Structures are given as C-alpha cells and as structure tokens.
Amino acid sequence: MTSSPPTPDAPEAATTAHPPRSGPVVAVLAFGGIVVSLMQTLVVPLVPDLPELLHTSASDASWAITATLLAGAVATPVLGRLGDMYGKRRTLLLSLAMLVVGSVVCALSDTLAPMIVGRALQGFSAGVIPLGISIMRDELPAERLGSAMALMSSSLGVGGALGLPGAAALAEHADWHVLFWVSASLGVVVIALVLALVPESPVRGGGRFDLVGAVGLSAGLLCLLLAISKGADWGWASGVTTGLFAAAVVVLLLWSRWELRVSGPLVDLRTTVRRQVLLTNLASIVIGFAMFGMSLVLPQLLQMPEATGYGLGQSMMTAGLCLGPSGLVMMAISPLSARITATSGPKTSLMLGAGVIAVGYGMGIFLMDAAWQIVLISCVIGAGIGLAYSAMPALIMSAVPVSETGAANGLNTLMRSIGTSTASAVVGVVLAHMTTAFGPVELPSLSGFRTAFAIGGGAALVALAVASLLPGRGPDRLTTTSERPGTPEPVAGR
C-alpha cells in the first residue's frame, strides 16, 4: 500500500484522544446497526395482511419488501465510497436520516405507492453497518478493534432476531403504523447519539466521485436482484426474468470495463480480485444465503397447523419469541469470535462459523418435533453466523488500504445481500413446489422443509470450502489508522 504519510501529530492525537471514547463509540455504532436490522424485519409480521392494509394484490404488496432489498443493495457500495471520500460519520448520518424519513413516509401511508417509496428510503440505511465498521477502524485503539468489529458485524443478525417478536407484538396489539413511528423514533435517537459521541474520521480517500460507475453498478444490481427476487412470480423462463438476467450480465461487464479504466473508481476491482478479498466476498454470499434460509424456514415450521402432523401450531408472537434467543447468541458469541481471530486468525473464525452453521442445519433435518428443538437449531445456526459475520470485516480490512475501507465493507455487505436474495428465491421455490394438501390449500410438506434444511447446510459447507482456500494466517492483529505507516493524510477543515 502506498499513500502519503500521516501528519506528525496525528498518531499522538489518535492514541491520546481515542481510547477514552472507544466505549461510547462502539455502543452507539452497534446500536445503530441493530436499529437498521430492526427496520428490515418490521414488515415481516405484516406480510400476510399487507394486501388488505394497502388495498392491493399480494404480488404487488411484495414490493414493500423488494424495494428495501434493492435500495439497500445499491446503497451499500455507493455510500461506502462516499464515506471514504467525504467523511464516514457524515455519510452515516445521511443514511440514518433516510431511515427516519422513510419510516415517517411509511407511517403516514395507507396505499402501496408511498409505502414503496418509504421502504426504499429505509433501505438506504443499509450502509450504516459497513460505515460503522470503517469508523471503528479509524477511531479505535488496536486492542479494542477486533471485538468492536465483531459486535458491529453481528448486529445485523441480532436486530433481525430480536426485532421479529417485538414487531409481532406491536402488530398484534397496536395499529400497524406504530411500527414505523417506533422505527423513526429509534432513528432519531441514533442520530442524536452519533452527533454527541462519534467523532468524524480525519481519513479521506480523495478524488472525484465516480458517477458513471455508481449508475452502472446500480443498474446492474437492480436487474440482477429483480430477476432473483421476482423470478418465481414472473416465471423463471419468462421473457422478463431472462431479459433481466441478460441485462445484468451485459451491464455489469460494461461497468467492470469502465471501473478498470477510470481513475478513482467507485469500486477498485484490482483490490477486489485479491485472493483474500475475493474469497471472503464469495464466502459472504453463501453465508448470507445460509442465514436467510433459517429466517424463511423456521417461522413457517413453527406456525404450521399441528393437524399436518409436523407443524407446531404456534402463533406469530410465539414463533418470534422462539427465534429471539438466536440474536442473543450472536451477540454473546462476538467476543469469542474476536478472541479466536486474535489468536488463530480470521480465517479460522470464518471456517468454524461455517462448520457450526452446517451442524445446525443438519440438526434441523431430524429435530422438528417441538418448539424447544427449533429454539436449539436457531441458536446453533445463530452461533455460527455470529462467528462467520464477525470474521469477515477483519479479513476484508486487513487486505485493503485504509482509504478504501468504507467501499470495501460496503461491497462485502452487498455480497451478503445477494446471498439473502438468492436464498429467498431458492427456498421459496422449494417450499412452493414441495407441498401437501391440507383441506382446500397447499402447504409446504415435511420433505420440503427437510430439503430446505439440507440446502442451507450445503450452502454452509460451500462457505467452509471457500474459506479453506483463504491465505493461511497465524494470530492476527488489525492495526488502526494511527498505527499504519501508509495512512492517507488527514484532511483538515472537513
């Protein structure tokens, strides 16, 4: 890595000013990550009722979820690059502001169009987690960095697991608009805490924003994720679906050519094809698939009627409570993951996490007879996700320049999003086609659930195989901005 040296007084300022603030910084950023992941699960309890609530069809109502997915996929790499160039704290606040505005729009909505707009604005807050991890690298002392990044990375799973029972409780006992007012209020709280406790990083990447690259990547991702998420509704062999897949390939190839030729690209593809970065991003896709597969399968199994012979007949509220402990496990496992990373390297943490996820899905094939078994399965898978997610930022940031951490973490988060979108499509197809008759309706069959568990376990094993190809490393110690000899010069007055 080559870059201009730091100013002479930067290391001293960092080491004397940062350690006392590290606790509040970590707490605020992790809380922000949890709030963002809570936002993503808000509409899950409402999914069966959305067509009636928004006066639309079930197919059209699904755009309330798809819009958030698409906006988040576009936002993460773009906001990451903007953070590297113009300030990560500033960009973080912009993301949180979009969360608040989007939540208010949804809270005031009674029809589909404004709900889609609001959910898309909420989706732009997906950049909070990669930006938070990048701020931690710039601001924290080295001894706190590993555990802080592990906690921040696991906040995505923590908020999702804890948010489901909370959202279900509100949906059952209050007007559904309250969900979005709560989201807006939490967003305002996080903004106030960031303004008060999180300093702006002096590290800037410089250069001019690659607008053509941002538009090209956005167009390619929209085509790809639309085809993945709506292919089952439109038909996988339909002209629309195949056309979108073809357009995605063409646009992303043209985008790659542009990024390789332009100075100051949105995504430095020469960095992303480095072995460690490339393999970590590939593993992230598969781990994201495995994580979301659990979220699709377990709630349905819990709420399936007991008369089917394999359903557990639980209410939505109880189903959410059964999945809640997995979020606590993810949070509890993050210090262990940081310790493993510090002693044996992040590769070991990632491989161990993938292995634990595979074990959890393997248990799911045989343990479906009681709610406590589902709790156990979700906790085992949650422990594996906590280990794996905590290792990914360490792998990425130890292989990219300090000035590119925002963009690199944003791209890694995007890879997880592609994995979750693919899981939604694949598992949805499996459960929709492997069915059994239950009165006048068709419900997913026992073999369908077992197949979904097997697919999730297979994905985890693929992630394990990919992680095993990462460069071997011994005990790892991530350095902070003030310790890196190649850190770009802090930009004064921004």
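**Why is it called that?**

Guide: Let's start with Ser337, which touches Ser349, Gly386, Leu387, Ser390 and Ala391, leaving aside its neighbours within four places in sequence. A contact here means heavy atoms within 4.5 Å. This is a predicted model, where local features need pLDDT of at least 70, side-chain atom pairs count only at pLDDT 80 or more, and totals for chains, interfaces and linings use all residues. Residues are numbered from 1 along each chain as its sequence is written, and side-chain values use heavy atoms, with hydrogens and water left out.

Visitor: Why is Ser337 called buried?

Guide: Ser337 has a relative accessible area of 0%. Buried means under 20%, exposed over 50%, and partly exposed in between (1.4 Å probe, protein chains only), so Ser337 at 0% counts as buried. You'll find Ser337 in helix α14, residues 316–344.

Visitor: What makes Leu108 exposed?

Guide: Leu108 has a relative accessible area of 62%, so it counts as exposed. Leu108 sits in the loop between α5 (88–107) and α6 (112–123). Its C-alpha atom is 7.3 Å from that of His177, 69 residues apart along the chain.

Visitor: And how do you know that Ala196 counts as exposed?

Guide: Ala196 has 54% relative accessibility, and therefore counts as exposed. Ala196 belongs to helix α9 (residues 177–197).

Visitor: How much of the whole protein counts as buried?

Guide: For the 494 residues of the protein, the buried share is 55%. Among contacts between residues at least 6 apart in sequence, 81% join residues at least 24 apart.

Visitor: How many helices and strands does the protein have?

Guide: There are 18 helices and 2 strands. Both are DSSP runs numbered from the N terminus: helices are H or I with at least four residues, strands E with at least two.

Visitor: What makes strands β1 and β2 a pair?

Guide: Two strands pair if DSSP finds at least two bridges between them. β1 (residues 435–438) and β2 (residues 441–444) have 4 bridges, in the antiparallel sense. Phe438 stands opposite Val441 in β2, and Ala437 faces Glu442. The two strands form a hairpin with 2 residues between them, and Gly439 in the turn has a positive phi of about 65 degrees.

Visitor: How many cavities are there, and how big is the largest?

Guide: The structure holds 3 cavities of 30 Å³ or more, and the largest cavity has about 110 Å³ of space. Its lining draws two or more residues from each of α12, α13 and α17. The largest share, 3 residues, comes from α17. Among the lining residues are Val267, Asp268, Asn281, Glu404 and Leu411.

Visitor: What makes a space a cavity rather than a pocket?

Guide: On a 1 Å grid over the protein atoms alone, a cavity is a set of points where a 1.4 Å probe fits but cannot get out, while a pocket is an open set with protein on both sides within 12 Å along at least five of seven lines; lining residues have an atom within 4 Å of a point. Points are joined across faces, edges and corners, and a volume is the space filled by probe spheres set on them.

Visitor: How much space lies in the second largest pocket, and which residues are closest to its centre?

Guide: The second largest pocket holds about 450 Å³. Of its 18 lining residues, Trp255, Leu269, Thr272, Leu411 and Met415 are the closest to the centre. The elements α10 (211–234), α11 (239–261), α12 (269–272), α13 (275–303) and α17 (405–433) each supply at least two residues of this lining.

Visitor: Why do you say that the second largest pocket lies between domain 2 and domain 3?

Guide: Because both domain 2 (210–265) and domain 3 (268–471) give residues to its lining. The domain bounds come from an automatic or database domain assignment.
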